Amino acid sequence: MKQFIAALPKVELHLHIEGTLEPELMFALAERNGIKLPYADVAALRAAYDFHNLQSFLDLYYQGAAVLQTEQDFFDLTWAYLSRCQAQHVVHTELFFDPQTHLSRGIEMGTVIRGISRALDQAQTQWGISSCLILCFLRHLSQEDALATLEAALPYLDKIQGVGLDSSELGNPPSKFSEVFARASALGLKAVAHAGEEGPASYIWEALDQLKVCRIDHGVRSVDDPRLIARLAEEQIPLTVCPLSNTRLKVFDKMADHNLLQLLDQDVCVTVNSDDPAYFGGYLQENFEALARDLKASREQLRQLALNGVQASWLPVSRKKTLI
Ligand code: ADE
Ligand code: ZN
């Protein structure tokens with residue numbers, strides 16, 4: 001089964017680049033930038049990755065991102081992730097970055113985007129791995145902050161294909177951001193949003209109807225609303241589901257409880273993704289393997305999930321055809 005999964009051409013649609021910061025690289029960048037981490041060593045840091053919900057993870061994730069300071073740091077981070085893509089036969093990736101996490105520390109937008117983009121361009125040239133870049137707004141901050149962030153990204157719009165919405169979901173509904181998503185749409189950007197990870201199915205409706213997103217990130221709480229499931233299936237609105245993330249953040253107690261195959265059975269366009277692989281114990285290969293092992297997903301189901309990833313991507317139709 002491992003070989004079968006490894007041989008599948010895979011596409012990743014839900015990946016936070018800051019969530020690929022492995023403890024070893026975090027320590028190396030801390031040293032390079034003269035930052036003292038509040039952990040004795042890599043083992044102590046890994047031991048702290050024991051989360052009980054989304055917020056307990058986000059607190060560590062934002063703290064870790066503070067070691068990223070220079071363009072070279074963002075390049076090294078992205079290059080390390082793309083090397084994993086190359087090793088795991090991930091042929092296309094649409095990745096998120098969280099500029100507000102960096103702008104608030106005095107890092108410039110250009111530093112972040114240039115570092116990430118240089119690595120993306122090099123992976124395309126060297127390995128043929130294609131990519132899109134999605135600027136995420138942090139939903140625990142205000143819409144005004146999101147608007148200012150979009151404004152700061154205007155000189156780099158040629159390097160960004162879409163906007164997203166992430167961070168603490170409960171109490172921060174998509175409707176809070178309708179204006180900034182309308183502005184992004186007017187600029188020609190595509191839109192996605194995290195919804196229905198910890199939050200209710202009503203947040204998924206809001207993301208679709210008020211933010212006009214073309215995919216829902218996570219969306220596993222959609223099973224609570226049969227009318228929503230019917231709409232997702234009818235309109236083939238993709239869900240970018242992240243199995244290892246959902247179990248690590250206790251959205252499901254254990255992998256065997258995950259509803260991914262239930263969603264697939266209901267004709268929802270479910271895709272498999274790794275979210276924050278450095279924190280959740282695996283990249284795309286390991287997420288697929290977990291489905292085979294713990295949900296007893298068949299080869300046919302795994303192939304369908306990989307194909308859904310291709311279909312749900314922003315690749316041109318001509319390239320999709322070569323991957324299907
Ligand atoms: N930021 C990084 N990972 C996230 C997740 N799983 N949910 C919301 N915000 C995030
Ligand atoms: Zn996410």
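Here are some exercises with worked solutions on a predicted model.

**Exercise 1. Find out how confident the predictor is in this chain.**

Start with the per-residue score. The mean pLDDT of the chain is 98, and 100% of its residues reach 70 or more. Then look at the overall scores: ipTM is 0.98 and pTM is 0.98.

**Exercise 2. List the residues around ligand 1 and sort them by class.**

Step 1: click on ligand 1 and look at its surroundings. You'll find His 16, Gly 19, Leu 54, Tyr 61, Asp 166, Ser 167, His 194, Glu 197, Ser 245, Asp 275 and Asp 276.

Step 2: sort them. The shell splits into 2 nonpolar, 5 polar and 4 charged residues.

**Exercise 3. Work out where Glu 197 sits and whether it is buried or exposed.**

Step 1: check the record. An unreviewed UniProt entry lists Glu 197 under "active site".

Step 2: Glu 197 is in the loop that runs between strand S5 (190–195) and helix H10 (201–209).

Step 3: count neighbours. Glu 197 has 23 C-beta neighbours inside 10 Å, so it counts as buried; the cut-off for that is 20 or more.

Step 4: see who it touches. Skipping residues up to four places away in sequence, Glu 197 touches Leu 54, Glu 169, His 218, Val 220 and Val 251. Leu 54 is also one of the residues around ligand 1.

**Exercise 4. Find the residues that UniProt marks as "binding site", and see how they are arranged in space.**

Step 1: go to the record again. The unreviewed UniProt entry puts "binding site" at His 14, His 16, His 194 and Asp 275.

Step 2: compare sequence with space. These residues are spread over 262 residues of sequence, yet they cluster in space, with a largest C-alpha distance of 11.7 Å.

Step 3: zoom in on His 16. This residue belongs to strand S1 (residues 10–16). His 16 is buried because 26 other C-beta atoms lie within 10 Å. Apart from residues up to four places away in sequence, it touches Phe 96, Asp 98, Asp 166, Asp 275 and Asp 276.

Step 4: Asp 276 lies in the loop between S8 and H14, and it is buried, with 24 other C-beta atoms within 10 Å. Again leaving aside neighbours within four places in sequence, Asp 276 is in contact with His 16, Gly 19, Tyr 61 and Ser 245.

**Exercise 5. Explain why strand S3 is largely enclosed, and name the strands it pairs with.**

Step 1: check burial. In strand S3 (residues 130–138), 7 of the 9 residues are buried, so the rest of the structure largely encloses it.

Step 2: look at one partner. Strand S2 (residues 90–97) runs parallel to S3, and 6 bridges join the two. Leu 95 stands opposite Leu 133 in S3.

Step 3: look at another partner. S3 pairs with strand S4 (residues 162–166) in the parallel sense, over 5 bridges. Here Leu 138 stands opposite Asp 166 in S4.

How values were computed. Residues are numbered from 1 along each chain as its sequence is written. Chains are lettered from A and ligands numbered from 1 in the order in which they are written. This is a predicted model: local features need pLDDT of at least 70, side-chain atom pairs count only at pLDDT 80 or more; totals for chains, interfaces and linings use all residues. A residue is near a molecule or strand if its C-beta atom, placed from the backbone, lies within 6 Å of it. Ala, Val, Leu, Ile, Met, Phe, Trp, Tyr, Cys and Pro count as nonpolar, Asp, Glu, Lys and Arg as charged, and the others, Gly among them, as polar. UniProt positions are given in the numbering used here, feature names are shortened, and annotations may be inferred rather than shown by experiment. Helices (H or I, at least four residues) and strands (E, at least two) are DSSP runs, numbered from the N terminus. A residue is buried if 20 or more other C-beta atoms lie within 10 Å of its own, exposed if 12 or fewer, and partly exposed in between; C-beta atoms are placed from the backbone. Two residues are in contact if their C-beta atoms, placed from the backbone, lie within 7 Å. pLDDT is the predictor's confidence in each residue, from 0 to 100. Two strands pair if DSSP finds at least two bridges between them.
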